[in-house]
Amino acid sequence: MKNILILGAAGQIGSELVPYLRKIYNPSSVVAAYRSTPLTDEIMQGGPCEKMDAMEAEKMYAVVKKYNIDTIINLVAVLSAKGEANPPLAWKINMDSMLNTLEIMKEVKGAVFTPSSIGAFGPTTPMDNTPQDTLMRPTTVYGISKVAAELLGDYYHIKFGVDTRGLRYPGIISNVTLPGGGTTDYAVEIYYEAVKNHRYTCNLGAGTFLDMMYMPDALRALVELMEADPSKLKHRNCFNVSAMSFDPEMIAAAIRVHMPDFKMEYQVDPVKQAIANSWPNSMDHSAAQEEWGWKPEYDLKSMTADMLNILSKRLLG
Ligand code: AKB
């Protein structure tokens, strides 16, 4: 990666990925694109930014030409729970941004990173130690768009030589920008509420196991995959990656180690619960280990200590 365009730079991943990449690469070669949500001051002041809509191919092409972009990281997505409220809109945003990105990078012979997700799996997928290559019949419009994006990525690579790569991210836990509209959002919100109120009302039930990952691992995984030797990659667009698997009781217990009075109640959201029930409990990520050396650094214990420390300083002063 040399000249990088990040679509969706104001979102949960984008707001941390842009500064991360600007530390590794030339800051003036990392372009942050956003549509309506404003970027942080750090991003606005740290390098080039463009206000644009990933649905508008001509504008995107002009930005790619302006900065001589060789890599697009497409983070534009309507997430799983929000997508169920308006499936046609979710499909349009998720697929148009992907197709525009692929078409443009076909023209300039560049590279594309697109996150896939545990949401690409469905209720007929093996739930434990979910294999890299397995049955995928998701039951959300988000998941269907992720499977389609994985396949489109493979297609543009085979047919047109676009250097497409991607990860099936689990729920990502972070402390800069809150996620929005996802099923795994509870695992972020719980830390904010713990710090502010010492209690949390969880919208997924006890015993709901899902894969998760702390943001520093998610960012490093992206760069490691994009810099990996292409001759070693057999999968390219859809590596299972995980760092931990837990249910709400386990994250609450990890918080109680630091905050013994932390209380958790449940008020299950039936839409989110049905989605979570259709996703794996834990994925096998051995293909990522073998093909480009994936290894997570954070587990539930170390992530919890870091999250509580950072949020306490920020929210309580
Ligand atoms: C969601 O919950 O929709 C996302 C995801 C796991 O892809 N965080």
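Mentor: Start with a definition: a residue is buried under 20% relative accessible area, exposed over 50%, and partly exposed in between, with a 1.4 Å probe and protein chains only. With a relative accessible area of 23%, D96 is therefore partly exposed.

Two notes on the source. This is a predicted model, where local features need pLDDT of at least 70, side-chain atom pairs count only at pLDDT 80 or more, and totals for chains, interfaces and linings use all residues. Residues are numbered from 1 along each chain as its sequence is written, and side-chain values use heavy atoms, with hydrogens and water left out.

Now find D96. It sits in helix α5, residues 87–108. Helices (H or I, at least four residues) and strands (E, at least two) are DSSP runs, numbered from the N terminus.

Look at the side chain of D96. It makes a polar contact of 2.7 Å with the side chain of K92. A polar contact is a pair of N or O atoms within 3.5 Å; within protein, one must be able to donate a hydrogen and the other to accept it, and residues adjacent in sequence count only if both atoms are side-chain atoms.

Next, its other partners. Setting aside neighbours within four places in sequence, D96 is in contact (heavy atoms within 4.5 Å) with A54, M55 and W91. Take A54: it is 42 residues from D96 in sequence, yet the C-alpha atoms are 7.7 Å apart.

Compare T140. This residue is in the loop between β7 (128–130) and α6 (141–160). Its relative accessibility is 3%, so T140 counts as buried. A polar atom of the T140 side chain lies 2.8 Å from the backbone nitrogen of G143. Residues up to four places away aside, T140 touches E84, G119 and I275.

T304 is another buried case, because its relative accessible area is 0%. T304 lies in helix α12, residues 300–316. Not counting residues up to four places away, T304 touches Y191, A254, I255 and H258. T304 and V257 are 47 residues apart along the chain, and 9.4 Å separates their C-alpha atoms.

Now two backbone angles. Most residues other than glycine have a negative phi. N68 is not a glycine, but its phi is positive, about 55 degrees. N68 is in the loop between α3 (57–66) and β4 (71–74). At 57% relative accessibility, N68 counts as exposed. N129 also has a positive phi, near 50 degrees, and is a residue other than glycine. N129 is found in strand β7.

Step back to the chain. It has 12 helices and 16 strands. Of its 317 residues, 55% count as buried. Among contacts with a separation of 6 or more, 78% come from residues 24 or more positions apart.
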